[in-house]
Amino acid sequence: MKKWKRWFGIALTAVMMTGCAGTAGTPKETTAQPAETDAKETPAPEAEAQSQEAAGAHEFSSMTLRFGTTSAEGTLVVTTMKDFADRVSKATGGKVEVQIFPASQLGNVSEMAEQAQMGALDMCMNQPANLADMGIENMGVLGLPYLFSSYEQRWNVLFGEIGEELLGNITDSDAQLIGFGYYPDGARNFFTIDKKPIRKLEDVKGMKLRVQSFKVDNDMAIALGASPTPTSTSEMYSAIQSGIVDGAEQPVAAYYNNKFYEVSKYLTLDEHTYNTLVIIFSKSIWNNLEPELQTVLRESWTDAVTDAKPEILKAEKEYLTKIAEAGVEIIELSDKEKWAEAMAPVYESNASNLTDMVERIRAVTE
C-alpha cells in the first residue's frame, strides 16, 4: 500500500509540474500524444507540403515529448538537448515537439526514472549508479572510479560495442525503460577549502568530503581515507562555505557554473570518474511510437551529441582558464596510480561480478 501511494504521489507531482510548465491538458494529452492545433494556426498547403518534403516521404503524427534533466539551464547538457529537439522538429516537419525541462523541474534522477517507468514522463537524463540501484547492475560499471584513462577512451567505450550492450541491458531488464543514449560530460574532480589542498593521496586522510549519495561514491571516499559527508546538491555551496565539509567533487563545468570557486581555493584534477549521463525512455511510450519516429529520435540524438563533443572539450579548457583567473589553484597529481590502487576494495564491493566488463573497457583504446 505504501509503495502504491508513493508511486501515485510521483505521478501526481509530474502532472502538476506539467501544468506549471504551461502545457495544457491531462497527462494523457501531454505525454507522447497528438498535439491539438488551433484552426487559425493551420499551415497553408504550400507550407505543409514543404514540411512534409523536409521530413521525407513519411507523414508523422503531431505529438509532444517531455525530456527532463537535473542539469541547469545554460549548460552544454541542456544546449545539446535543445539541439536534439530542433533536429527532431525539423526531421518530422514540425510535427513532433520535444519540450526540455532542466534544473530538476521534474524531480531528481530517481524520481524522473520512476515517472518514466510509469509512463508519466517520456525521457530523462539519469546516472549509471541510480540505474544500478534499480537492479540494472551492469550500468554500475560506468561509475567505477579510475576506470577510464581519458575522455576519448570513455567516448569509444560508450559509442562502441560495450556502450550498446549496456543500453541493451536497460531495455532487456524488468525496469520498463529503454536504453536510449549517452551524454559524455567531463571528468569529476575534488575541490577543497583554504589551507586544505589535495596534492597527494595522503592529503585526503581525515577530510570530510561531500560526494554523490550512491554507495560506490561513498566507498570511494572511504577508500581514499576521507569521511563521506551527506549534503544535498542545493546545500553544497553553503556546506563548503561554512566548513561543514572540507571539499566536494564536481565536473569542471559544474564547478564553475555553480561558482564553487568563490568558496574553494583548490581544484585537484584527479579525474576519479567521468560524468556519464544515461538517457532513458519510458518503455510503454516508446513501444507505442511508430518505427520511423524511433529512428528519427535515435539519429537526432546521435548527431546532436556528436556535434557537441568538440564543444564539451573546448569548454572544459575555457572553464579551467576562468577558474585559474578566479584565484583557484589547479593541482595535477603526480601519484595518480596510488589513487587507482586504493580502489581495490571499492571494486570488490561494487563490481565483483563485473570483472570481465571492466577488463573489456580497459582494453578499449583512445
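Modeller: Let us take Ser149, which in this predicted model has a relative accessible area of 52% and therefore counts as exposed, since that value is over the 50% cut-off. Ser149 sits in the loop between helix α6, residues 128-133, and helix α7, residues 151-158. When residues up to four places away in sequence are left aside, Ser149 touches Tyr274 and Glu366. The chain also brings Ser149 to a C-alpha to C-alpha distance of 9.1 Å from Glu271, although 122 residues separate Ser149 and Glu271 in sequence.

That pairing can be set beside a figure for the whole chain: among contacts between residues at least 6 apart in sequence, 78% join residues at least 24 apart. The chain has 366 residues, 50% of which count as buried, and it is built with 16 helices and nine strands. Its accessible surface comes to about 17,100 Å², and carbon and sulfur atoms account for 50% of that surface.

For a view of buried residues, turn to helix α9, residues 215-223, where Val216, Asp217, Asp219, Met220 and Ala221 are the buried ones. Just after α9 comes Gly225, which takes a positive phi of about 100°.

Another piece of packing joins helix α8, residues 161-172, to helix α16, residues 355-363, at an angle of about 145° and with their axes 10 Å apart. From α8 the contact draws on Glu161, Ile162, Glu165 and Leu166, while α16 supplies Met357, Arg360 and Ile361. Sorted by class, this contact of α8 with α16 holds four nonpolar and three charged residues, with no polar ones.

To return to where we began, Ser149 is an exposed residue in the loop between α6 and α7, with Tyr274 and Glu366 as the residues it touches beyond its sequence neighbours up to four places away.

Conventions
Residues are numbered from 1 along each chain as its sequence is written. This is a predicted model: local features need pLDDT of at least 70, side-chain atom pairs count only at pLDDT 80 or more; totals for chains, interfaces and linings use all residues. Side-chain values use heavy atoms; hydrogens and water are left out. Axes are lines fitted to C-alpha atoms, for helices over the stretch in contact, and angles run from 0 to 180 degrees between N-to-C directions. Helices (H or I, at least four residues) and strands (E, at least two) are DSSP runs, numbered from the N terminus. Contact means heavy atoms within 4.5 Å. Ala, Val, Leu, Ile, Met, Phe, Trp, Tyr, Cys and Pro count as nonpolar, Asp, Glu, Lys and Arg as charged, and the others, Gly among them, as polar. Buried means under 20% relative accessible area, exposed over 50%, partly exposed in between (1.4 Å probe, protein chains only). Accessible areas come from the Shrake-Rupley method with a 1.4 Å probe; for residues, only the protein chains shown count as cover.
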